[in-house]
Amino acid sequence: MSATELPTKEAHILKGHEGAVLAARFNGDGNYALTCGKDRTIRLWNPHRGILIKTYKSHGREVRDVHVTSDNAKFCSCGGDRQVYYWDVSTGRVIRKFRGHDGEVNAVKFNDSSSVVVSAGFDRSLRVWDCRSHSVEPVQIIDTFLDTVMSVVLTKTEIIGGSVDGTVRTFDMRIGREMSDNLGQPVNCISISNDGNCVLAGCLDSTLRLLDRTTGELLQVYKGHISKSFKTDCCLTNSDAHVIGGSEDGLVFFWDLVDAKVVSKFRAHDLVVTSVSYHPKEDCMLTSSVDGTIRVWKK
């Protein structure tokens, strides 16, 4: 994919949130999007038509992250009220509230089968919750981090967490082994490449770092954006050809995966870009910002 084929043209602006939007996520097939923010709401959109479908309210404080199941029937959310919510998409009903974190919750992810939710919190822990049981207690607590856990990703067999303590820690659930890669800088976002071979870590020294998932080897460093004090997302395009990062000055950057050159950068928002989400199949991207808007970008 050349730089001219990247999604840098604004297709829609999604408005409705009051205050900062903290996360914007495509669903599994990319037809819909979920967003959440400071106004304590979660919103379901058709981003390709620019239409708000439904608003979900139950959180007592800001909502920081949201993730939808592969069948699009349920989603989970988390935030400042220290709880993980498990929702029914169509009815808008909260099926369960998982309690146990001793601090605010920064990130949530389902596993592939959507039977388990993993959450990352200010209490330096990752917690694993069973969606099939009626228990609201965690089935596992991973508390080897030395500071706030900001981000979590899952593979079929592993839970990977990124922390302000400067580490990306990988927990192999089959054999109970932990691997730790120390980046020496606070990690505020991690994402995994589509081929599953690499982890991308966004650090608060204004770098993104690409790690080999099995060896922990540092493969590449991406620079140019500003990331010093806000949680800003990073991800890869669906082809893994480019790395994407939001910047605190409202810009979005695309880097070439291999040589780390900036192939495109453009102003997406007036204020901090909090979230970037790439469509699973098409060249389409969502960005969200402290400015209260979500924008849909196409090529």
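Tyr 56 is buried, as is Trp 87, where buried denotes a relative accessible area under 20%, exposed over 50% and partly exposed the range in between (1.4 Å probe, protein chains only). The model is predicted, so that local features need pLDDT of at least 70 and side-chain atom pairs count only at pLDDT 80 or more, while totals for chains, interfaces and linings use all residues. Residues are numbered from 1 along each chain as its sequence is written, and side-chain values use heavy atoms, with hydrogens and water left out.

**Aromatic pairs**

A pair of aromatic rings is described by the distance of the centres and the angle of the planes. Here, rings of Phe, Tyr and Trp (its six-membered ring) pair if their centres lie within 6.5 Å, and planes under 30 degrees apart count as stacked, over 60 as edge-to-face and the rest as tilted. The search of the whole structure finds 12 aromatic pairs. Tyr 56 and Trp 87 form one that is edge-to-face, at 5.7 Å centre to centre and with 75° between the planes. Because Tyr 56 lies in strand β5 and Trp 87 in strand β8 (residues 84-88), this pair ties together parts that are 31 residues apart in sequence; strands (E, at least two residues) and helices (H or I, at least four) are DSSP runs, numbered from the N terminus. Tyr 56 and Trp 87 also belong to a cluster in which ring pairs link them with Phe 75 and Tyr 85.

Phe 254 and Phe 266 form a stacked pair, with 6.5 Å centre to centre and 20° between the planes. Phe 254 lies in strand β24 (residues 251-256) and Phe 266 in strand β25 (residues 262-267), so the pair ties together parts that are 12 residues apart in sequence. Both Phe 254 and Phe 266 are buried.

**Strands and their pairing**

Strand β5, which holds Tyr 56, belongs to an open sheet of 4 strands with the order β2-β3-β4-β5 and antiparallel pairing, two strands being paired if DSSP finds at least two bridges between them. β2 (21-26) and β5 (51-57) stand at the edges, each with a single partner strand, so one side of each is left without a neighbour in the sheet. From one strand to the next the twist averages 20°, with axes taken as lines fitted to C-alpha atoms (for helices over the stretch in contact) and angles running from 0 to 180 degrees between N-to-C directions. β2 pairs with strand β3 (residues 33-37) in the antiparallel sense over 5 bridges, and Val 21 stands opposite Gly 37 in β3.

The bridge partner of Ser 151 in β15 is Gly 162. Strand β14 (residues 149-154) has 6 of its 6 residues buried, so it is largely enclosed by the rest of the structure.

**Cavities and a pocket**

Rolling a probe the size of a water molecule over the atoms shows where empty space is left. On a 1 Å grid over the protein atoms alone, a cavity is a set of points where a 1.4 Å probe fits but cannot get out, whereas a pocket is an open set with protein on both sides within 12 Å along at least five of seven lines; lining residues have an atom within 4 Å of a point. Grid points are joined across faces, edges and corners, and a volume is the space filled by probe spheres set on the points. The structure holds 2 cavities of 30 Å³ or more.

| Space | Volume | Lining by class |
|---|---|---|
| Largest cavity | about 50 Å³ | 5 nonpolar, 1 polar, 3 charged residues |
| Second largest cavity | about 30 Å³ | 3 nonpolar, 6 polar, 1 charged residues |
| Second largest pocket | about 160 Å³ | 6 nonpolar, 4 polar, 3 charged residues |

In these classes, Ala, Val, Leu, Ile, Met, Phe, Trp, Tyr, Cys and Pro count as nonpolar, Asp, Glu, Lys and Arg as charged, and the others, Gly among them, as polar. The lining of the largest cavity includes Ile 160, Asp 181 and Arg 213, and β16 (167-172), β17 (177-182) and β20 (207-212) each supply at least two of its residues. Among the residues that line the second largest cavity are Cys 203, His 225 and Cys 234, and the elements giving two or more residues to that lining are β19 (198-203) and β20.

The second largest pocket is lined by 13 residues, of which Asn 111, Leu 154, Thr 155, Lys 156 and Met 173 are the closest to its centre. β11 (116-121) and β15 (158-163) each supply at least two residues of this lining.
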